[in-house]
Amino acid sequence: MSAVARGALPYQPRTLGLHELQAEDVYSFYSPKCGRLVRVIGLPRLLVALELEFDPSVEVFIERPRTLVVDQQEVEFSWWHRHRGGREHLTLVVRAPETVMGSGGRARHRQAEALLAAAEAARLPLRFVFEAEMPLRGARATNQFRLLPSVQGAHRLSSRQALRQRLLEVVSARERLRVDQIEQQLGGFSTADLSCGLADLIHSGEVGIDWDKPLGASSLTWRIES
């Protein structure tokens with residue numbers, strides 16, 4: 001999918017200040033989906049960024065999109081994203097000091113009600129992502145980390161479209177196909193190019209994998225019909 005023009009977006013990412021760049025744990029990556037450099041503070045926000053990057057239903061996302069005043073305090077949201085169908089959401093990554101235990105033993109933001117009310121008044125659906133949940137996403141996050149450079153590389157291939165077409169033909173011919181079987185059938189392409197092409201199709205949601213298992217030569221792939 002082509003990157004969405006910046007002028008067409010309702011928000012622009014707040015630029016990190018010099019103090020943040022010097023004092024915080026900053027992660028940067030080029031987003032093929034957004035067509036620009038994404039820069040975030042902290043591993044939890046990076047993991048959410050990868051989740052949005054590899055969710056084919058998400059059209060575009062923005063880090064640090066806006067703030068809302070809640071109980072006389074300014075709260076900056078972590079992400080805004082828009083789905084292909086037009087639905088928009090805000091995400092707030094909740095740090096451990098901001099978390100309390102709610103009914104049923106479930107974690108909640110200590111200002112959850114006020115935040116939800118403020119977001120509703122602004123007509124912005126809000127979801128919370130808790131830092132404590134991040135370790136549960138280990139295999140998925142590792143796969144996304146591994147695939148991202150290949151997706152980036154695919155966008156630089158002169159043979160990208162031809163490679164995508166051949167990969168789709170091979171994957172569509174069988175219900176399930178291992179990665180090494182794909183490589184055997186497409187021996188005319190280099191292994192590096194095939195890795196990029198397959199990652200490109202996974203990124204676009206045209207080919208599926210089991211995100212919760214380590215990705216390797218024996219991983220199964222399948223065609224996802226739109």
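How many bridges join strand β6 to strand β7, and do these strands run parallel or antiparallel?

Reply: Strand β6 (residues 79–83) and strand β7 (residues 88–94) are joined by four bridges and run antiparallel. Before going further, please note that this is a predicted model, in which local features need pLDDT of at least 70 and side-chain atom pairs count only at pLDDT 80 or more, while totals for chains, interfaces and linings use all residues. Residues are numbered from 1 along each chain as its sequence is written, and side-chain values use heavy atoms, with hydrogens and water left out.

Helices (H or I, at least four residues) and strands (E, at least two) are DSSP runs, numbered from the N terminus. Two strands pair if DSSP finds at least two bridges between them. In general, strands of a sheet pair through backbone hydrogen bonds, either parallel or antiparallel.

The two strands belong to an open sheet of four strands, ordered β3-β6-β7-β10, with mixed pairing. At its edges are β3 (58–63) and β10 (126–130), each of which pairs on one side only. On average, neighbouring strands of this sheet are turned by 25° against each other, direction ignored. Such angles run from 0 to 180 degrees between N-to-C directions, and the axes are lines fitted to C-alpha atoms, for helices over the stretch in contact.

Two helices lie across these strands. Helix α2 (residues 43–53) lies across β3, β6, β7 and β10, at about 10° to β6. Helix α3 (residues 112–121) lies across β7 and β10, at about 145° to β10. Contact here means heavy atoms within 4.5 Å.

Within the strand pair, Trp 79 has Thr 91 in β7 as its bridge partner. Buried means under 20% relative accessible area, exposed over 50%, and partly exposed in between, using a 1.4 Å probe and protein chains only. In soluble globular proteins, nonpolar side chains tend to be buried together.

Leu 147 touches several residues beyond four places away in sequence, including Phe 54 and Trp 211. Phe 54 and Trp 211 are both buried.
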